[in-house]
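Please look through the sequence and the model shown here before reading on. The report that follows takes up surface, confidence, strand pairing and a few individual residues in turn.

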Amino acid sequence: MRISSAATIFAAFATLFLGSAVNAASQAATASHQAEPAITATATPAPCAPAPVADPFKLTFDETVQVVNFDKGNTLVGFNQTLLFDLKGDLDFTINVPVYTLDGSTSVGDLDIGGSWLALKGNNKYLHDWTLTVNGGMFLPVGTEEFRSENVVPYIGTELSCKLWDFDFKQSVEYTFVGNGYFMPLIAEKTTSDILAFGSDLTVYKQHDFTIGVDLDQYYYVETGNAQVFLGPVATWKFGSLDLNASVQLPIYQDSPKYDADVVCSVGFGFQF
């Protein structure tokens, strides 16, 4: 009877212990399952977009009307249509087709084919960011006899662009090899003298896309000794891809072979494709 009672008590304790152990093991398994970090899906990175391909060139069209009033009362009107191909930013190619009207005659003038190359650039405390461009080309004789040169007329030049104090400045030099005869619009006739030209452009006011400047243009006829010097204001305005410009130049010195220009007025526009 005692053995039976002890066995009964032992069995009861064993059952209670095993039940507690199973319950603890179950709770531990549940806690371990809950403690495991959740597995999250990793997003596959999107492929990088290809870098934009730069345009091989930029095309610009300019139309400029130049009116030259001479002291004899006659007036020359020139319409200049220019296509500029900008190649990779440091090389460009231009084609200019002028049309002249003088004393009742109207005709196409010499075809101007040229280009320019950005040869040097740099930065210093005097000129700030500066560039030096080399340019050249030729006038091909086309049109009527009055406005057509007697031969192919080559030219070569250079231009320095920089900043003087707070002003943008450009200085150009150009030499034209005339040969047997070249129609020069600023004297309204042909000349047989080579021409050395200097151009000085100073921007005195700049606000956003609007500028006002002063241009000084000098022309020296090497063989004949004649000269023309003009000075006047110029204004430019850029609106998106559209450029507008206008200038008025007055003579400050002239020694022309036939006609002296009283005033030279220009207005033009250009837009980029």
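## Surface and overall make-up

In this predicted model, the accessible surface of the protein comes to about 16900 Å², and carbon and sulfur atoms contribute 65% of that area. Of the 273 residues, 27% count as buried.

The protein holds 1 helix and 15 strands.

## Confidence along the chain

The mean pLDDT of the protein is 84, and 79% of its residues reach 70 or more. Among the elements, strand 12 (residues 210–221) has the highest mean pLDDT, at 97, whereas helix 1 (residues 2–35) has the lowest, at 43.

Two stretches call for care in reading. Over residues 1–22 pLDDT stays under 50, and the model has 0 contacts beyond four places in sequence for them; for residues 28–41, pLDDT likewise stays under 50, again with 0 contacts beyond four places in sequence.

Strand 12 runs antiparallel to strand 13 (residues 227–239), with 11 bridges joining them, and Gln-218 has Val-229 in strand 13 as its bridge partner. These strands form a hairpin with 5 residues between them, and Gly-225 in the turn has a positive phi of about 85°.

Strand 13 is joined in turn to strand 14 by 11 bridges, again in an antiparallel arrangement, with Trp-237 standing opposite Leu-244 of strand 14. The hairpin of strand 13 and strand 14 has 2 residues between the strands, and Gly-240 takes a positive phi near 65° there.

Ser-256 is found in the loop between strand 14 (242–255) and strand 15 (261–272). Is this serine, Ser-256, buried or exposed? Ser-256 counts as buried because its relative accessible area is 14%, which falls under the 20% cut-off. Its side chain reaches the backbone oxygen of Tyr-259 at 3.2 Å, and the side chain of Ser-256 also makes a polar contact of 3.1 Å with the side chain of Asp-260. Leaving aside neighbours within four places in sequence, Ser-256 is in contact with Ile-187, Asn-226, Ala-227 and Gln-228; of these, Ile-187 is 69 residues away from Ser-256 in sequence, yet the C-alpha atoms of the two are 6.8 Å apart in space.

Ser-116 lies in strand 5 (residues 111–124), and with a relative accessible area of 16% it is buried. A polar contact of 2.7 Å joins its side chain to that of Asp-92. Not counting residues up to four places away in sequence, Ser-116 touches Asp-90, Leu-91, Asp-92, Thr-133, Val-134 and Asn-135.

## A loop proline

Pro-141 is found in the loop between strand 6 (128–140) and strand 7. Pro-141 counts as partly exposed because its relative accessibility is 31%, which lies between the 20% and 50% cut-offs. Beyond residues up to four places away in sequence, Pro-141 touches Asp-110, Arg-148, Ser-149, Asn-151 and Val-152. Pro-141 and Phe-183 are 42 residues apart in sequence, and from C-alpha to C-alpha they are 9.7 Å apart in space.

## Cysteines and disulfides

How many disulfides does a search of the whole structure find? The search finds 0 disulfides. A disulfide is a covalent bond between the sulfur atoms of two cysteines.

Methods
Residues numbered from 1 in each chain as written. Predicted model: local features only at pLDDT ≥ 70, side-chain atom pairs only at ≥ 80, totals over all residues. Heavy atoms only, no water. pLDDT = per-residue confidence, 0-100. Helix = DSSP H or I, 4+ residues; strand = E, 2+ residues; numbered from the N terminus. Contact = heavy atoms within 4.5 Å. Buried < 20%, exposed > 50% of the residue type's maximum accessible area, 1.4 Å probe, protein only. Areas by Shrake-Rupley, 256 points an atom, 1.4 Å probe, with all protein chains shown as cover. Disulfide = S-S within 2.5 Å. Polar contact = N/O pair within 3.5 Å; in protein donor to acceptor, adjacent residues only side chain to side chain. Pairing = 2+ DSSP bridges.
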